[in-house]
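Let's take a walk through this one together, with the sequence and the 3D view side by side. Keep both open as you read.

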Number of protein chains: 2
Amino acid sequence: MSWKLLNSRTVIDDEWITVRSNDYLTRDGRSLNGYYLIERGDFVVIVAECRGKLVLVREHRVGTGRQYLGFPAGYIEAGEAPVAAAMREFQEETGFQALSGKLLAELDPQPAYLKSRAFVVHVQASDRPIDRSTDDEIDEVLLLDWETAIDKARKGEINEMQAVAALYLVRDLLGKG
Amino acid sequence: MSWKLLNSRTVIDDEWITVRSNDYLTRDGRSLNGYYLIERGDFVVIVAECRGKLVLVREHRVGTGRQYLGFPAGYIEAGEAPVAAAMREFQEETGFQALSGKLLAELDPQPAYLKSRAFVVHVQASDRPIDRSTDDEIDEVLLLDWETAIDKARKGEINEMQAVAALYLVRDLLGKG
C-alpha cells in the first residue's frame, strides 16, 4: 500500500533532471506536504571484459567532490535500448570497442525519492583500444582481474554504490565467484 | 582534476534535502551552467542477522512507485554515530532488538550529482522481536537465510541498489560466500 498523492508541483524541469514537490496522505493518515521527488534518465552501468579482465575507469564526481574507481556508465538516450547505450558509452569512455553486450540486471538507486533506473550490461570488449581520445571526464582506464577488483571493493577502494552492486552481482551471475 | 565552481545558488533547502544550481567551468574549458546538485543526509543500511538468518523488510517506495525487498535503512540523526543510528533504526523498523553493531563499509550512491553517504552496518539481532509495533511504512519483516537472499538478488527479486551492494559486500566481508 502506498501513500495517496494529493498534489504535485514541478519545481525544476530541464534536460537532465525533474524535481517535483508532492503532497501526500501517508498510510497512517498523516499529511506530508512538500516531499521532493527527483527524476533523472535511466542509465547503464557497464561491466566489460577485455581478455578476461575488467575494464574500470577513474573519474572525479562533482556531487561528492571525490574521485572514484568504478565502471563506465552513462545515460540512455531517447529511443535507445540499454545494450546499445552500453556499447556506445563504453566506447566513448574507454576507447575500447564493444563487440557485444548483454543486459544482466536492473537496479533502482534511492527509490525512496529518486526515479532513475540502472541497467547493468555485460560487454565483451576488443583486445585493444581502437580510439585513444576517450571522454574528457575520464582520468584513467584500467584493466583489473576479477579478484583484484573484488579485493578493492572489500578494502573500500571501490566504493561507488553502483560499482559495488554491479561487480558482485555480475560476478555471481556469470559464475565467476 | 575537478570542475571549477564559478557560482552556486540554493534552489531548495529544507529539513530533508538541499538542491543547488551550480555553474562550472569543466576541465576541457566548457561553461556548464545550472547543474543541479542534491544533498541529503547520510544514512545507514542495516544487514542484521537473527539466529544466522538475514532480517529483511518489504516496503513501498514513493520515488519509483514500487515495492522492494531490502534491508532496513534510515537517516542518521545530528550527532549520532552510524552504529547507533543503525541499532535505533533497526529496532524501529523491525521490532527486533539490536544487540550489537559494527560498521563494515561506506558507499556513495549517484555521486555525479548526489551527496548522501551510505554507512553499511552489520547488526546482531535478538532471537525474537521485542516490540510488535513496527514502523508504519514497513509492509513485512522477513527472515531469510543467506543463500535464499543471494538467489533473490540473482533473480532480480532483490533489486534495490543499496540492498544488492550491501548483501554481497557484507557476505564477502564476513566470509560467508
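In chain A, helices H2(A) and H3(A) cross in a left-handed way, where left-handed means that the near helix is turned anticlockwise from the far one by less than a right angle, and right-handed that it is turned clockwise. Helices here are DSSP runs of H or I with at least four residues, strands are E runs of at least two, and both are numbered from the N terminus. H2(A) covers residues 146-154, and its axis sits 11 Å from that of H3(A), at an angle of about 140 degrees. Axes are lines fitted to C-alpha atoms, for helices over the stretch in contact, and angles run from 0 to 180 degrees between N-to-C directions. That makes H2(A) and H3(A) oblique to each other; angles under 35 degrees count as roughly parallel, over 145 as roughly antiparallel, 65 to 115 as roughly perpendicular, and the rest as oblique.

Who does the touching? On the H2(A) side you'll find Trp146(A), Ala149(A), Ile150(A) and Ala153(A), and they meet Val164(A), Leu167(A) and Arg171(A) of H3(A). Two residues are in contact if their C-beta atoms, placed from the backbone, lie within 7 Å. By class, this contact has six nonpolar residues, no polar ones and one charged. Ala, Val, Leu, Ile, Met, Phe, Trp, Tyr, Cys and Pro count as nonpolar, Asp, Glu, Lys and Arg as charged, and the others, Gly among them, as polar.

A word on what you're looking at: this is a predicted model, in which local features need pLDDT of at least 70 and side-chain atom pairs count only at pLDDT 80 or more, while totals for chains, interfaces and linings use all residues. Residues are numbered from 1 along each chain as its sequence is written, and chains are lettered from A and ligands numbered from 1 in the order in which they are written.

Now zoom out to chain A as a whole. It has three helices and eleven strands, and reading along the sequence you get β-β-β-β-β-β-β-α-β-β-β-β-α-α. The C-alpha trace spans about 55 × 30 × 30 Å along its principal axes. Of the 177 residues in chain A, 41% are buried; buried means 20 or more other C-beta atoms within 10 Å of a residue's own, exposed means 12 or fewer, and partly exposed is in between, with C-beta atoms placed from the backbone. Among the contacts in chain A with a separation of 6 or more, 59% join residues 24 or more positions apart.

Asn22(A) is in strand E2, residues 17-25, and is partly exposed, with 17 other C-beta atoms within 10 Å. Asn7(A) is 15 residues away from Asn22(A) in sequence, yet their C-alpha atoms are 5.6 Å apart. Beyond four places in sequence, the contacts of Asn22(A) are Leu5(A), Asn7(A), Ser8(A), Tyr35(A) and Leu37(A). Leu104(A), in strand E8 (residues 96-107), is also partly exposed, with 18 other C-beta atoms within 10 Å. Past its neighbours within four places, Leu104(A) touches Val120(A), Val121(A), His122(A), Val170(A) and Leu173(A).

Next, bring in chain B.

How many residues of chain B are in contact with chain A? There are 50, facing 49 residues of chain A. H3(B) supplies the largest share of chain B's side, eight residues, and that side divides into 27 nonpolar, eleven polar and twelve charged. The copies meet through the same surface, because 98% of the interface residues of chain B are also interface residues in chain A.

Finally, look at the two H3 helices, residues 161-173 in each chain: their axes come within 8 Å and cross at roughly 60 degrees. So H3(A) and H3(B) are oblique to each other, and their crossing is left-handed. Among the residues making this contact are Ala165(A), Tyr168(A), Ala165(B) and Tyr168(B). By class, the contact has ten nonpolar, two polar and no charged residues.
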